[in-house]
Amino acid sequence: MTSVLAVLTFVPLLGVLFLLLMPKSQQNMIRTIGILTTIIPLGLALMLYAGFDSASGDMQFVQQLKWITIPVGQMAMAINFEFGIDGLSMPLVVLTSVVVAMASLVGMKIKDRLKEFYALLLVMEMGMLGVFTSLNLFQFFVFFEFTIIPMFFFMGIWGYVNREKAALKFLIYNGVGSAILLIVFAVIFVNIWTLNFKEITMAFTDPNSPFNIPNTMGYLSENFRLGLFIALLLAFAIKIPIAPFHTWMLAAYKESNAAAIMISSGVLIKIGGYGLIRMNAAFFPEWMDKLGTAIAILGVINILYGAVLALAQNELKLMLAYSSVSHMGIVLLGLAAMNAEGFQGAIFQMVSHGLIAALLFYIIELINERTGTTDIRELGGLAKSMPVLSGVLLTVTMAAIGLPGTSGFVSEFMSYLGLFNAHPIIAAVGALGIILTAVYLLRSILGATFGPIRETHESLIDARSYELVPMVVILGLVIIIGVYPALLSGPMQETLINIVPRIGG
Amino acid sequence: MNGDSKWGVLGQYDWSIMAPELTILVFATLLSIIDLLLPKKTDRRIIGVLGLIGVIISLIFTLSNTGTQPASILADMYRLDSFAVAFKAIFLTGVAFAFLMSLGTLDKKDVHYQGEFYYLLLTALLGAMFMASSADLITLFIGLELLSLSSFILVGIRKKHIQSNESAFKYVVIGSISAAVTLYGMSFIYGLTGTTNLYLIAERLGNVYQGGFSYIVYLAFFLMFVGLSFKISAVPNQTWAPDVYQGAPTPVTAFLSVVSKAAGFAIILRIFIIMLSNVIDIDPTTGEMKSLLVDNLGLYIGIVAAASMIIGNTMALRQVNMKRMMAYSGIAQAGYLLVPFATFTVLLFEQTLFYLIAYLFANMGIFAIMALVSKDQGHDEIRGFAGLFQRAPLLAISMTIFLLSLAGIPVTAGFFGKFYIFLSSVARQNYWLAGIMMATSVVSYVYYFGVMKQMFMRTNPNGVNKIKVPPCIGIALVVAVVVTLFAGIFPSQVIDYLHNNFLFENMMQVAEQVVMK
Amino acid sequence: MSGQYIAFFILSLLTISGAIFMISFNRVIHMVVALAFTFLSIAGLFILLEAEFVGLTQIMVYSGGVSVLMLFGIMLTQHSKVERSEQKPALRIFTFAGILAFFVAVFYGIQKTPWSQEAVDYSTQNNVKEIGVQLYNNYVIPFELVSVLLLVALIGGIIMAKKEADDE
């Protein structure tokens, strides 16, 4: 059981190996291997969930190997290869494996360069799982890059006309983000001589650590910490994305294929939120607390800006892109609260939005495939020709709005609850976003599904059986979490107390 | 044997420590004679194969010297220490790649003087090896000139190629000027200390600096640095690189971009680190003591590094020709390689070597593939790479690995090399340099990934015929890929090897004069 | 002002102006003559520094050998006036400013530095013998390396200049 995380992370590579050995012409075989390989991490992730000890807030399933030692004079700087998960990363690991397994079904529609499609998808899955299971910054960074580079190709090879530009934009924005991350990591490394999350947290927060005693050799000043905090915030702001760093997302969502968007909106942007909790909040809790208001304001700006612009879009994909910006603002709100409810809300929102956004984009892509457009003005009345598909679309939209009984409700409720305790005025302003969300989502989705139908759209094929799989699975999860949130919040409690010592204090 | 032998003092020395150089010298001479005796119609590749054998023998001799105590002949006129061994191993590997590349792609119609081509490569290598393996300004300078002169001819060897002629001329002019500038700087140092031996200079320069000659020391440093920056194609002496790279035959371009550049770093590090090791700057008001090299000159070297990174990376964005792009990329890489020197720490030697190794294999791989592609397409432009993935998937994947290594993406050697370099600049709190380094790295993504875009996302208008890979290039590529990935995934193994076998202190130790037993 | 100083001034002026004329003349033959002036003046400078062996070598090899060989080369080959492309004035100003700045930097440095007022006296040593001893003992490695260098230069000259008769 000790190396289960390493197996989980690297098992997709095994699939890549199999794929490389397959001849190009065996399309069905390639599809089968690709889809089956994504099932293995899913199974392992569920096993982890089952075996997870909710009573412990520590890292579990830890495995540590020696990796790199850099000799410096008589001493050495060590970087380990270490895996482990806690209540924060476990839900995200499960989310990743679910979303990737669903995205792999998009491959059913792809005929061109299928082998590369699955190979890249699996490499990306390895990267994402690695990001969430890594226990040190260096390893985190390596896996982080493993999500960006394959995504560049993934976006650039399959997609619409301007896909290459969109891919480059994605690469550059994320490249800037990772460059900032690397600077911060290096600064931490040369000052504290460790990259391990736990050790860094100890070094920064333990009052007895030499870095926290003023007027001693190793003391790291408050300004120094603030600098690191802001740099990290900036890096993750690009990832989440916080306006005005969201433009890469618009181009990417407009021009890429469905699988790329599902993964990007479902998992990749959650890395930003994960990083904010794992690094910003854990390493520099006092600054997170002091700057809570600023972060909350950023969150509110994100919510309102995203919502207003989503209202103005006629293109469904762009509407959803802005809605992502808006929804990720809620994550920021939860974090800014700096209390248990807020943090839970943030993590809930990450998982919930990951599932909902992935499914929404999937369905939009199905509509696009059948009608050739995603423009609301050209759609309408789809409920007549595709009742099942439209039904699912409406349901998941309700979840996105935050209807009670769905995961969206729980996450928004908790985030706002947390923020109301900490910053009531900002929370009140932010709550406007809930209304706006309902308005823009209903406007566009109802516009597409009801009303007069075009003649050309009268006889469309409803959801095929394999297309139903993602709908059923994701919708199921969304409702289960909504009805029984303890599934998710249970394992989280202890960890959150552990990660942020100042919570509640 | 004693000093009374008929060879005089020269007979006292154990010349066998010079085996690597002597091997190259013997092979160069041998090849020129064989070239003369071979019938005109015979394939000259046999000379190339022999040359390659010579390089490999020399490499074996060199590596057999790893980890030994420093030794010298004639008061460090020739000096064998870990610094020399490490750099010579890099040069020899680089030249071996250049040979493999030439054997695979050199076109008789293009390069008429094939025999000369091969032994000029060897003499250039000989020059480079002396640049790494001496601690005397005169020997170092002659090595530099031997390398320069050989490469001038190699650049212009495509006589019917107008670009080749032009670039060779440009190279000669700029090369001579920078050699003159270097020499001018050296003359000041000689004038101040009365010796050309670096260790004696180091002994005397400290007092000279204190004795009111600080301005002249600065002047000499800048003159020498500007002159030597020609070889590493760093700002301000970088303008020749794009034209010369474009005009030269591809294996020569590869040689210039790797071996010649590494030799430039060898001579720069050797001269300045030893020469300025005792020079201490005392602040007149506070009385604070600072090392001139570590604390004061770091700023200027940092500025040169930053300017090289910025100019190289931004200019590379606009290139449509692959060789020109690689020239600008090389300028930027020179900037990265100067960072450890600008932010002097104990890690300097290992950082530079690690990055050079990463750079060597990535660059050589890229040029080898480029040589194949441009031979197939008939031009050197980046669009020639379009659809390479469909035509030769393995080539495209190896190319991607090399490009990722240059861009500094995990898990390639280039990533760890950059991270490693990065540590010292952050540790010295040189944040502006670290910031520029990262920012320009991101800029470099645009053009490195631009090539990948061509390979994976475009289709070639000239059809999807396969590209045939000659076996010697195949070998070169396999080696380059394996090393790039190995050093990227297990950097510790490489660093440990460097750390244990190539001691930096070794360079500062007084060498034993090896005497025959 | 000593006679040595005046001689130095005249010789260095000749060296520099010879070099400048060499670049700015239009006819090849004039260039060679200007170059010869530079060579000769450099020889004079060497002699002034009591390096009479180097000075004489300079006269024999450069002023004698190289210049005469160049003249022969010019007379035996065809050539027309060198066509000059007009330089941009901006570039000229920039170059001039660069040179001026460099001159100022060096001049300032030399003026500022407290040079020792006593000249070193080498007149008791035998220059030629000393050079020979040094060259074949201490400096034998660079000396041999120079021979390789010359060989390379020779080969290079042949490659560059040879007319390809066997080109079909």
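This is a predicted model: local features need pLDDT of at least 70, side-chain atom pairs count only at pLDDT 80 or more; totals for chains, interfaces and linings use all residues.
Q: Is chain C compact or more spread out than a compact globule?
A: Chain C has 6 helices and 0 strands, and its pattern along the sequence is α-α-α-α-α-α. The radius of gyration of chain C is 21 Å, whereas the globule rule gives 15 Å for 168 residues. The C-alpha trace of chain C spans about 65 × 50 × 25 Å along its principal axes. Because its radius of gyration is well over the value from the rule, chain C is more spread out than a compact globule.

Q: Do strands β1 and β2 of chain A run parallel or antiparallel?
A: Strand β1(A) covers residues 60-72 and strand β2(A) covers residues 75-85. The two strands are joined by 10 bridges. Within this pairing, I68(A) stands opposite I79(A). The direction of β1(A) relative to β2(A) is antiparallel.

Q: Which pair of chains has the most contacts?
A: Chains A and C do not touch, and their nearest C-alpha atoms are 36 Å apart. There are 2 pairs of chains that touch. Of these, the pair with the most contacts is chains B and C.

Q: Which element gives the most to the side of chain C that touches chain B?
A: The contact takes 23 residues from chain C and 32 residues from chain B. On the side of chain C, the elements that give two or more residues are α4 (89-112) and α6 (140-161). With 13 residues, the element that gives the most is α6(C).

Q: How many nonpolar residues are on the side of chain C that touches chain B?
A: This side of chain C belongs to a contact that takes 23 residues from chain C. By class, the side has 5 polar and 2 charged residues. The number of nonpolar residues is 16.

Q: Which element provides the largest share of the side of chain A that touches chain B?
A: The contact takes 27 residues from chain A and 25 residues from chain B. In chain A, two or more residues come from each of β1, α5 (137-157) and α6 (163-192). By class, this side of chain A divides into 21 nonpolar, 4 polar and 2 charged residues. The largest share, 13 residues, comes from α6(A).

Q: Are α1(B) and α4(B) roughly parallel or roughly antiparallel to each other?
A: Helix α1(B), residues 19-37, and helix α4(B), residues 114-132, pack with their axes 9 Å apart. The angle between them is about 160°. Angles over 145 degrees count as roughly antiparallel. The two helices are therefore roughly antiparallel.

Q: How many charged residues belong to the contact of α1(B) with α4(B)?
A: The crossing of these two helices is left-handed. Among the residues that make the contact are I24(B), L31(B) and D35(B) of α1(B), together with Y118(B), L122(B) and M129(B) of α4(B). The contact includes 13 nonpolar and 3 polar residues. The number of charged residues is 2.

Q: Is α12(A) roughly parallel or roughly antiparallel to α18(A)?
A: The axes of helix α12(A), residues 292-311, and helix α18(A), residues 424-449, come within 9 Å. They cross at roughly 20°. Angles under 35 degrees count as roughly parallel. The relation of α12(A) to α18(A) is therefore roughly parallel.

Q: How many nonpolar residues belong to the contact of α12(A) with α18(A)?
A: Helix α12(A) passes α18(A) in a left-handed crossing. The contact includes G299(A), I303(A) and A307(A) of α12(A), and V429(A), G433(A) and Y440(A) of α18(A). The residues of this contact include 4 polar and no charged ones. The number of nonpolar residues is 15.

Key
Residues are numbered from 1 along each chain as its sequence is written. Chains are lettered from A and ligands numbered from 1 in the order in which they are written. Two strands pair if DSSP finds at least two bridges between them. Helices (H or I, at least four residues) and strands (E, at least two) are DSSP runs, numbered from the N terminus. Two residues are in contact if their C-beta atoms, placed from the backbone, lie within 7 Å. Ala, Val, Leu, Ile, Met, Phe, Trp, Tyr, Cys and Pro count as nonpolar, Asp, Glu, Lys and Arg as charged, and the others, Gly among them, as polar. Axes are lines fitted to C-alpha atoms, for helices over the stretch in contact, and angles run from 0 to 180 degrees between N-to-C directions. Angles under 35 degrees count as roughly parallel, over 145 as roughly antiparallel, 65 to 115 as roughly perpendicular and the rest as oblique. A crossing is left-handed if the near helix is turned anticlockwise from the far one by less than a right angle, and right-handed if clockwise. The radius of gyration is taken over C-alpha atoms; the globule rule is 2.2 Å times the number of residues to the power 0.38.
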